[in-house]
Amino acid sequence: MRKLLLALCAAMTVVAAGAVETGDTTVVYQGKTFVLGTDSSETKVAVYDGSGAGMKKTHETSYVDGREIEQVYITSPFLPQKKSPRRYRDHIPELFFGLSPLAGSVGGFNGGSRLHAKVAGSYEWGITTFGMGIPFNHAHTFGVTTALSCGYARHNFNEGYSMFNVDGRTEILPLDGDEGAKKSYLSYWYMRIPVIFEWQKRINGNEAYAGLGVSLEYRSKEHSRFKGGKSGTVTPTGDLNMNPVGLNLEAHVGYGGIVLGFRTALTPLLNTSSAPRCYPVSMTLGIKLW
């Protein structure tokens, strides 16, 4: 205690003399912060608990014309407190489903005659098992979010065509007339890690949000298949020269628990040295449960 009194006296002497600085003087002692300030008629000594943004004033003494004025600050659950910023969280939907055709270029939605791709019946679905958000500002309205999602994608081809492996090359070829295939597609399972820069704000009791970023995708268990005709269900090949790792551009907007998403591959789905150039693209509807 003696050391504290000596430190306070020394600091008050410096403030009163005005010899060092014009601002307040701060002394930290045993976890408490003491702030000393003065002007032409008043000297104040304030005591704070904590440090940095978490400091709370607990005591203040003022000296004016020989009079001592003392104030004590207390907190109570019955007194209004300053609200802390709301929690910043990710809005990658826990469940999502939507269209997912093959495109001939990045950002496209049409595979053209070369791919014989079919929009109808092409889809993907997925679930998200983990998500988190890191805010960049004190108001928690802008930051970065990430998650771990996994799911299944299926890209349809026009009737009468299917994907084959011919001497190590992936080809989309017409089926024999007697096959009568009604459904033809390639499919695979994926695991995806998005990194999204997102704006979010509470409006009328719910959160509105919009995000843009990229995702890293790992693919496995791919195969092509067609169904119908005399042959029933046929799997021409499980070797499609697929790139196991891909990079996507992602965007989403939403309000409350409803999320609209858009995704386009930035890297080809298949190895272009031995397969047609194609890019998965998807438009999904998702549900954010918590």
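**Entry 1: terms**

I take a cavity to be a set of grid points where a 1.4 Å probe fits but cannot get out, and its lining residues have an atom within 4 Å of a point. The model I am looking at is predicted.

**Entry 2: cavities**

I looked for cavities of 30 Å³ or more and found two.

The largest share, five residues, comes from S16. I sorted the lining of the largest cavity by class and got nine nonpolar, six polar and three charged residues.

I then turned to the second largest cavity, which holds about 60 Å³ of space. Among the residues that line the second largest cavity are Ser100, Glu124, Tyr188, Arg192, Asn248 and Arg263. S12, S16 and S17 each supply at least two residues of this lining. S17 gives the most, with three residues. By class, I recorded five nonpolar, three polar and four charged residues in the lining of the second largest cavity.

**Entry 3: aromatic pairs**

I searched the whole structure for aromatic pairs, and the search gave six. One of them joins Trp125 and Trp189 edge-to-face, at 5.8 Å centre to centre and with 90° between the planes. Trp125 lies in strand S8 (residues 117-135) and Trp189 in strand S12, so this pair ties together parts that are 64 residues apart in sequence.

Phe136 is in the loop between S8 and strand S9 (142-157), while Phe197 is in strand S12, so the pair ties together parts that are 61 residues apart in sequence. Phe136 is partly exposed, with a relative accessible area of 48%. Phe197 is partly exposed too, at 44%.

Which residues do ring pairs link into a cluster? I wrote down Phe97, Tyr123, Trp125, Tyr152 and Trp189.

**Entry 4: charges over rings**

I found Arg154 over the face of Tyr185, at 3.7 Å from the ring centre. Arg192, which I had noted in the lining of the second largest cavity, has its charged end over the ring of Tyr190, 4.0 Å from the centre.

Methods: Residues numbered from 1 in each chain as written. Predicted model: local features only at pLDDT ≥ 70, side-chain atom pairs only at ≥ 80, totals over all residues. Heavy atoms only, no water. 1 Å grid on protein atoms, 1.4 Å probe; cavity = no way out; pocket = protein on both sides within 12 Å on 5 of 7 lines; lining within 4 Å. Points joined across faces, edges and corners; volume = space filled by probe spheres on them. Helix = DSSP H or I, 4+ residues; strand = E, 2+ residues; numbered from the N terminus. Nonpolar A, V, L, I, M, F, W, Y, C, P; charged D, E, K, R; others polar. Phe/Tyr/Trp six-rings, centres within 6.5 Å; stacked < 30°, edge-to-face > 60°. Buried < 20%, exposed > 50% of the residue type's maximum accessible area, 1.4 Å probe, protein only. Lys NZ or Arg CZ within 6 Å of the ring centre and 35° of its normal.
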